Amino acid sequence: MYQMGDQVVYGIHGVCRIVDQEKRVIDRKTVTYLVLEPVGQEGSRYLVPTHNAAAMSKLRPMMTPEELEALMGSEEVRQDGWIREENLRKNTYRELITSGDRAGLLRMVNTLYRHKREQNAAGKKVHLADENFLRDAEKLLVSEISVVMRLPADQARTYLRTQLKAE
């Protein structure tokens, strides 16, 4: 179970710190919530009901620097996962972003970096939906990389792009 002060990745919200545990009475039942505060967004809070398995499954422990390095260099991340059929690609990418599957997110970002390079070389533009998915996935990954590697966000973004050879 998570402890007060732990940093976790919470779904699409990125890195959060567990700051409290609250009990509230809902329909005459006492419900316990973990109170999460997004790192770098003071004033925002998320309440995660501890009895709700689906909500709790969106919490993931932070990676260690070693786990991040191993994942960045893994063959699973380096595979080209381009999906030609646009609707299937959109659905797959949407699911990846909400799943929290780090390897899948890194593979998706790597694939989109590669696709963007190819499109630019051919004098073409990248589809807006792909740009948006790339932005959202980068945001999630950069938030965790920043904390794990103790880097400012801009350096974490550079680290991500350099590791995946996007720059």
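Tutor: Happy to. One term first: a contact here means heavy atoms within 4.5 Å. With that cut-off, and keeping in mind that this is a predicted model, let's begin at Asp 6, which lies in the segment before β1. Leaving aside residues up to four places away in sequence, Asp 6 touches Cys 16, Arg 17 and Ile 18. Its side chain also reaches the backbone nitrogen of Gln 3, at 2.8 Å. Is Asp 6 buried, exposed or partly exposed? Asp 6 counts as partly exposed because its relative accessibility is 27%, and the partly exposed class lies between under 20% for buried and over 50% for exposed. For a sense of distance, Asp 101 is 95 residues from Asp 6 in sequence, and their C-alpha atoms are 20 Å apart.

Now step into the strands. β1 covers residues 7–10 and β2 covers residues 14–26; the two pair in the antiparallel sense over four bridges. Gln 7 stands opposite Arg 17 in β2, and Arg 17 is also one of the residues that Asp 6 touches. Likewise, the bridge partner of Val 8 in β2 is Cys 16, another residue in contact with Asp 6. Between β1 and β2 the chain makes a hairpin with three residues between the strands, and Gly 11 in that turn has a positive phi of about 45 degrees.

Follow β2 onward and you meet its pairing with β3. Strand β3 spans residues 29–38, and β2 and β3 are antiparallel over ten bridges. Val 25, for example, stands opposite Thr 30 in β3. These two strands also form a hairpin, with two residues between them, and here Asp 27 in the turn takes a positive phi of about 50 degrees.

Put together, the sheet is open and has five strands in the order β4-β3-β2-β1-β5, with antiparallel pairing. In general, strands of a sheet pair through backbone hydrogen bonds, either parallel or antiparallel. The edge strands are β4 (46–49) and β5 (59–61), each pairing on one side only. From one strand to the next, the twist averages 45 degrees.

What lies across this sheet? Helix α6, residues 128–148, lies across β1, β2 and β5 and runs at about 100 degrees to β2. The 21 residues of α6 reach 30 Å from the first C-alpha to the last, close to the 30 Å expected at 1.5 Å a residue. Just after α6, Arg 150 takes a positive phi of about 55 degrees.

Read from the N terminus, its elements run β-β-β-β-α-β-α-α-α-α-α-α. The C-alpha trace spans about 60 × 35 × 30 Å along its principal axes. Of the 167 residues, 39% count as buried. Among contacts with a separation of 6 or more, residues 24 or more positions apart account for 50%. Finally, the chain exposes about 9,700 Å², of which carbon and sulfur atoms supply 48%.

Methods: Residues numbered from 1 in each chain as written. Predicted model: local features only at pLDDT ≥ 70, side-chain atom pairs only at ≥ 80, totals over all residues. Heavy atoms only, no water. Pairing = 2+ DSSP bridges. Axes fitted to C-alpha atoms, helices over the stretch in contact; angles between N-to-C directions. Expected span 1.5 Å × (residues − 1). Buried < 20%, exposed > 50% of the residue type's maximum accessible area, 1.4 Å probe, protein only. Areas by Shrake-Rupley, 256 points an atom, 1.4 Å probe, with all protein chains shown as cover. Polar contact = N/O pair within 3.5 Å; in protein donor to acceptor, adjacent residues only side chain to side chain.
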